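Please prepare a short briefing on the structure below.

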Amino acid sequence: MKAARVDSMRLLVAVVAVPLLLFVFCLDAGAVEYRSIASAAAILYDAPSTKSRKSFILNRGYPVEIVVSLDAWLKVRDAAGELAWLEAKNVSTQRTVMVKAARADVRRAPEETAAIAFQADHDVVLEVLQITDNWAHVKHRDGTTGYIRITQVWGL
């Protein structure tokens with residue numbers, strides 16, 4: 001009788017508790033956070049220490065995806081998919097995106113038929129002003145604004 005009770009408890013844990021924990025974990029794992037480089041040049045490292053090997057440098061405005069946050073360090077992913085560690089003091093909450101298309105049309109309104117405000121080449125960084133449906137209202141560093149399809153940029 002005692003063995004049957006233990007088996008029942010194991011079954012209850014397997015059927016109810018484990019899927020519930022996985023569901024909660026997946027909710028948190030699905031949240032993607034992007035920030036941008038705040039300093040003129042930020043050094044990225046292969047470990048969370050300034051004594052570790054320097055991997056590469058990112059310029060101001062470059063968007064990064066936050067993968068892990070540890071005290072004063074962030075593990076980030078860049079547009080090429082590379083992972084590295086960055087001092088948290090080098091990032092801003094300002095949202096930017098990077099054009100991933102060879103050349104993207106930035107329109108005057110969030111419509112495919114709207115006039116073109118300007119064109120942005122591959123790897124151009126744009127400041128995000130607002131997200132509307134499948135469009136991002138963006139600002140070029142020269143001050144020109146417009147709307148770009150979110151499928152044409154990285155960082156959202």
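**Aromatic pairs and overall make-up**

Tyrosine 34 and tryptophan 154 are both buried, where buried means under 20% relative accessible area, exposed over 50% and partly exposed in between, with a 1.4 Å probe and protein chains only. The model is predicted: local features need pLDDT of at least 70, side-chain atom pairs count only at pLDDT 80 or more, and totals for chains, interfaces and linings use all residues. Residues are numbered from 1 along each chain as its sequence is written, and side-chain values use heavy atoms, with hydrogens and water left out.

**Aromatic pairs**

- The structure holds two aromatic pairs; rings of Phe, Tyr and Trp (its six-membered ring) pair if their centres lie within 6.5 Å, and planes under 30 degrees apart count as stacked, over 60 as edge-to-face and the rest as tilted.
- Tyrosine 34 and tryptophan 154 form an edge-to-face pair, with 5.3 Å centre to centre and 90 degrees between the planes.
- This pair links distant parts of the chain, 120 residues apart: tyrosine 34 lies in strand β1 (residues 33-37) and tryptophan 154 in strand β14 (residues 153-154).
- Tyrosine 45 and tryptophan 73 also form an edge-to-face pair, at 5.6 Å centre to centre and 80 degrees between the planes.
- Here too the pair links distant parts of the chain, with tyrosine 45 in strand β2 (residues 41-45) and tryptophan 73 in strand β5 (residues 73-77), 28 residues apart.
- Tyrosine 45 is buried, because its relative accessible area is 5%.
- Tryptophan 73 has 13% relative accessibility and therefore counts as buried.

**Phenylalanine 118**

- Phenylalanine 118 sits in strand β10 (residues 116-121).
- Its relative accessibility is 13%, so phenylalanine 118 counts as buried.
- Leaving aside neighbours within four places in sequence, phenylalanine 118 is in contact (heavy atoms within 4.5 Å) with Ala104, Asp105, Val106, Leu126, His140, Thr144, Thr145 and Gly146.
- The C-alpha atoms of phenylalanine 118 and arginine 108 are separated by 8.6 Å, the two residues being 10 apart along the chain.

**Whole chain**

- The chain has 156 residues, of which 31% count as buried.
- Among contacts between residues at least 6 apart in sequence, 48% join residues at least 24 apart.
- The accessible surface comes to about 9,900 Å², and 55% of that belongs to carbon and sulfur atoms; the areas come from the Shrake-Rupley method with a 1.4 Å probe, and for residues only the protein chains shown count as cover.

Conventions:
Helix = DSSP H or I, 4+ residues; strand = E, 2+ residues; numbered from the N terminus.
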